Amino acid sequence: MEFFELLRHRRTVRQFTADAVPQDVVVKIVQAGLTAPSPNDSHPWKIVAIRNQSVLREMRGAVEKKLDGLFPKVSGEKKVSFDKVKTFSTIFAQAPLVLAVLTRSYRAVVDELLEGSVLTHDQINVLRKNPDVQATGALVQNMLLAATELGYGAVWVSGALVASEQIDGLLKGGEYKVQTLVALGKPAVTPQPRPTPEVKEYLQTLD
Ligand SMILES: Cc1cc2nc3c(=O)[nH]c(=O)nc-3n(C[C@H](O)[C@H](O)[C@H](O)COP(=O)(O)O)c2cc1C
C-alpha cells in the first residue's frame, strides 16, 4: 500500500478470526519493528511471540486478579468503567498471537559521564523522558504498520501492564522486562480507514 494510505488504514483491531499467524509473517513484522530508532542505537528489545493459549489464559487471569485487587469495591457507574477497563486490558487473550515487547536497561553515551556523579542511569533516563519507552513506541508503530500491510490486524495493549510483574514471571525474560503487548491476528471486522487528520489544531510553528 502507498505509505500515506497505509498510515490511514492502520486501525486498532480487537476481533480476530481463529486463523493462526504464520511464523514468516511474525518474522516480517518483527523485522519491521527492529528497524526503529533507539537511544544510542542500543536496540534494547526482545520480542516474545506467544501462541500458547494456556500462557495467554494465565496472563489474562493475572491481569483480572490485579485489577480486582486495585479496585476492590467498584459499584454503580464506576462498575461500568471497571468492566470496560477489564475488557480492554485483557483483549489480548482473544487473539491467536501476542507479541510481548520486552526491554532491558540500555547504555547511552551520557552513561559514561555518570561515574563519580550524583546521577544514576535511572535518574538521567527519567530526565530524558525515558528514551527506551519512546523507542518502544517507534518499534510498535512499525510493527502495526507492517501488520496492516500484510493484511493482519492488531491492538496495542498497555492496560495489561498493571500485572507486568506477573507477566514477567510467565515470560521468563530475565533482565528483559515487559514494556508493552501487541495482539495480532486476521481481522474479523475491517475498520474504516482514518480520515486525514486536521493538522491545524495540533501544529504550532515558531518562526
Ligand atoms: C500506548 C497505547 C496503549 C493502548 N492500550 C490499549 C489497551 O490496553 N487496550 C485496548 O483495547 N486498546 C489500547 N490501545 C488502542 C487505542 O485505544 C487506539 O489506538 C485508539 O482508540 C485509536 O484507534 P486506532 O488505533 O484505530 O487509530 C492503546 C493504544 C496505544 C497507542
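The shell around the ligand in this predicted model is made up, by class, of five nonpolar, four polar and three charged residues. Its members are Arg-11, Thr-12, Arg-14, Phe-88, Ser-89, Ile-91, Val-155, Trp-156, Val-157, Ser-158, Gly-159 and Arg-194. Two elements, helix 4 (77-90) and strand 3, each contribute at least two residues to the shell. Strand 3 provides the largest share, with three residues.

The protein chain contains seven helices and four strands. Read from the N terminus, the order of these elements is α-α-β-α-α-β-α-α-β-α-β. The C-alpha trace extends over about 55 × 45 × 40 Å along its principal axes. Of the 207 residues in the chain, 28% are buried. Among contacts between residues at least 6 apart in sequence, 84% link residues at least 24 apart.

The largest nonpolar core comprises 41 residues, and the members that touch the most others are Phe-92, Val-98, Met-143, Ala-154, Val-182, Ala-183 and Leu-184. Two or more core residues are given by each of helix 3 (53-70), strand 2 (97-103), helix 6 (131-149), strand 3 (153-157) and strand 4 (177-185). Helix 6 accounts for the largest share of the core, eight residues. The surroundings of one of the listed residues, Ala-183, illustrate the packing: when residues up to four places away in sequence are not counted, Ala-183 touches Ile-91, Phe-92, Ala-95, Val-98, Ala-154, Val-155 and Val-157. Among these partners of Ala-183, Ile-91, Val-155 and Val-157 also belong to the residues around the ligand.

The buried residues of helix 3 are Leu-56, Met-59, Ala-62, Val-63 and Leu-67. These residues lie on the same side of helix 3, because they cover an arc of only 130° around the axis. Gln-53, Ser-54, Arg-57, Asp-68 and Gly-69 are exposed on the other side of helix 3. The packing partners of the buried residues of helix 3 are strand 1 (45-50), helix 4, strand 2 and helix 7 (164-171).

Ala-32 is part of helix 2 (residues 23-34). This residue counts as partly exposed, because Ala-32 has 19 C-beta neighbours inside 10 Å, whereas 20 or more are required for a buried residue. Ala-32 and Leu-144 are 112 residues apart along the chain, yet their C-alpha atoms are separated by 9.1 Å. Apart from neighbours within four places in sequence, the contacts of Ala-32 are Asn-142, Met-143, Leu-145 and Ala-146. One of these, Met-143, is among the core members that touch the most others.

Pro-44 is located in the loop between helix 2 and strand 1. Pro-44 has 21 C-beta neighbours inside 10 Å and therefore counts as buried. Beyond neighbours within four places in sequence, Pro-44 is in contact with Ser-38, Thr-103, Arg-104, Tyr-106 and Asp-132.

Two residues other than glycine with positive phi values were also noted. Asn-40 is not a glycine but has a positive phi of about 60°. Its place is in the loop between helix 2 and strand 1, the loop that also holds Pro-44. Asn-40 is partly exposed, since 14 other C-beta atoms lie within 10 Å. In Lys-129, likewise a residue other than glycine, phi is positive and near 60°. Lys-129 is found in the loop between helix 5 (121-127) and helix 6. Because Lys-129 has 8 C-beta neighbours inside 10 Å, this residue counts as exposed.

Note on methods. Residues numbered from 1 in each chain as written. Predicted model: local features only at pLDDT ≥ 70, side-chain atom pairs only at ≥ 80, totals over all residues. Core = buried A, V, L, I, M, F, W, Y, C linked by C-beta atoms within 7 Å. Buried ≥ 20, exposed ≤ 12 C-beta atoms within 10 Å, placed from the backbone. Contact = placed C-beta atoms within 7 Å. Near = placed C-beta within 6 Å. Nonpolar A, V, L, I, M, F, W, Y, C, P; charged D, E, K, R; others polar. Arc of directions from axis to C-beta.
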